[in-house]
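Thanks for coming, everyone. Please look at the screen, and we'll start with a pair of side chains.

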Amino acid sequence: MIATMETLTKQQKSDIRLIGKFVEVYCAGKHGTVERSAFILPENLGERMVCCECASFMGYAVSKRLKCPLEAEKPSCKHCRIHCYAREQREKVREIMAYSGRKLMLRGRLDYVWHYFF
């Protein structure tokens, strides 16, 4: 589990839940036969069943979201002027978002895709 600030803002909670869902969908689709374990999200936001590789990425993504300096006017990460993620992780999150976005759209979860684009 990641050490967090005193309390998370509503936007931070929403973003952490969202990346958790996207990574879980990606992991289930791309790493289907790999053993998964629970990744506990901070502040009782639930847990996601992901493989070791995806859990490592989730830890990275959550820690970066918690440290984001643009809380007041936070754009979506792809439109951000400050790139918190290292180049390799930026490519990984693009892959995760593209894969999971398509999967969730096919399942009727347009609210997740709406967040991605706006």
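How many residues apart in helix α3 are E91 and R94? They are 3 residues apart in α3, residues 87-106, so about one helical turn separates them. Helices here are DSSP runs of H or I, at least four residues, and strands are runs of E, at least two, numbered from the N terminus.

A word on the source. This is a predicted model: local features need pLDDT of at least 70, side-chain atom pairs count only at pLDDT 80 or more, and totals for chains, interfaces and linings use all residues. Residues are numbered from 1 along each chain as its sequence is written, and side-chain values use heavy atoms, leaving out hydrogens and water.

Back to our pair. E91 and R94 form a salt bridge at 2.6 Å, N to O. That term means a side-chain nitrogen of Lys or Arg within 4 Å of a carboxyl oxygen of Asp or Glu. E91 is partly exposed, at 46% relative accessible area. R94 is partly exposed too, at 45%. Buried means under 20%, exposed over 50%, and partly exposed in between, with a 1.4 Å probe and protein chains only.

By this rule, the count is 4 salt bridges. One of them joins D15 and R65, at 2.7 Å, N to O. D15 sits in helix α1 and R65 in helix α2, so this pair ties together parts 50 residues apart in sequence. Both D15 and R65 are buried.

Next, R48 and E24: a salt bridge at 3.0 Å, N to O. R48 is in strand β2, residues 47-50, and E24 is in α1, so parts 24 residues apart in sequence are tied together. Both R48 and E24 are buried.
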